[in-house]
Amino acid sequence: MVGLTPDGMAPVEVHGLVKRYGRVTALRELSFKVSSGEIYGLLGPNGAGKTTTLKILVGLLSPQRGSVYIMGYDVVRRADALKHVGYIPENPVLFRNLTVREFLEMIGALRDIDREELADSIERYLEMFRIRDKENEPASSLSRGMIQKVLASAAFIVRPRVLIMDEPMAGMDPESQHVFKEEVRRMAREGVAVLLSSHLLDMVERFCTRVGIISEGRMIAEGSIDELRKLAGEDRSLEEVFLKLVVGSGQGAGAR
Ligand SMILES: Nc1ncnc2c1ncn2[C@@H]1O[C@H](COP(=O)(O)OP(=O)(O)OP(=O)(O)O)[C@@H](O)[C@H]1O
Ligand SMILES: [Mg+2]
């Protein structure tokens, strides 16, 4: 079947995740899948559990219950899953004393990317994101938007089959956002499964092929933009759908 791994699983599968931080329950039986070629937008108010979900997907956190699979590998048990993933974390982390180029070269080397191919793709993204003039600057000197572009480049150069990105466009100027979206679309057309969290509903509405809205750690609505609009009544914008589902019906008491 199109969009599935050879063993019949979607590239991203999340099953019944429960995550507690002490007495705070962040995820309550959260489940969803992202197929190859999809651009899936994870939406939800502050504290809904988006970052927690994405961190579990890249093995940075363990859930109390449930399981996550990347390209058919159980992430909690098999670190191999992560060799397929490009990840942009919520809080920008760069090695402050490495230059932009050194950082990208290190990421490529750690992921065993062919040297020539790596050199080419580093050139490509330095050019595309207009950060060539910063290639020899230390990461500590970069603006927020520039850091975000370096992190996007790092996620793209590793030839990912799955892209997991937490608020990837935070701080990017309009031209960079455009370049970023075009590149992600190109990768999705080539079969990459894309999962991103965002608060930019206008962008999500035009960019994502499917959306999941979570609130208090539960999926309260999921579908294509058109399906979600129908759920909330015709001719609604995604913003109106979001407000109606998350605020209007009471948090957690949703359409699903
Ligand atoms: N390290 C932590 N320790 C304790 N509680 C945490 C921790 N990280 C997250 N939480 C709690 O878990 C819940 C989900 O947080 P999470 O960061 O996943 O939300 P989010 O959807 O990413 O929010 P935002 O839109 O603000 O980024 C919140 O109640 C948050 O306070
Ligand atoms: Mg978050």
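The C-alpha trace spans about 50 × 40 × 40 Å along its principal axes.

This is a predicted model, in which local features need pLDDT of at least 70 and side-chain atom pairs count only at pLDDT 80 or more, while totals for chains, interfaces and linings use all residues. Residues are numbered from 1 along each chain as its sequence is written, and chains are lettered from A and ligands numbered from 1 in the order in which they are written.

Next, select strands β2, β1, β4 and β5. In that order they form an open sheet with antiparallel pairing; two strands pair if DSSP finds at least two bridges between them. The edge strands, β2 (24-34) and β5 (73-74), each pair on one side only. Zoom in on β4 (residues 65-70), which is joined to β5 by two bridges in the antiparallel sense. Tyrosine 73 in β5 is the bridge partner of isoleucine 70.

Helix α1 lies across β1 (12-21), β2 and β4, at about 120° to β1. The angle is taken between N-to-C directions, on a scale from 0 to 180 degrees, with axes as lines fitted to C-alpha atoms, for helices over the stretch in contact.

Keep α1 selected and show ligand 1. Residues around ligand 1 include Tyr21, Val24, Ala26, Gly44, Lys50, Thr51 and Thr52; a residue is near a molecule if its C-beta atom, placed from the backbone, lies within 6 Å of it. α1 gives the most to this shell, with three residues, and β2 also supplies at least two.

Finally, select Leu163. Along with Ala155 and Leu195, Leu163 touches the most other members of the largest nonpolar core, which has 75 residues. Such a core is a set of buried Ala, Val, Leu, Ile, Met, Phe, Trp, Tyr and Cys residues joined through C-beta atoms within 7 Å; buried means that 20 or more other C-beta atoms lie within 10 Å of the residue's own, C-beta atoms being placed from the backbone. Helix α4 (residues 144-156) provides the largest share of this core, seven residues.

Note on methods: Buried ≥ 20, exposed ≤ 12 C-beta atoms within 10 Å, placed from the backbone. Helix = DSSP H or I, 4+ residues; strand = E, 2+ residues; numbered from the N terminus. Contact = placed C-beta atoms within 7 Å.
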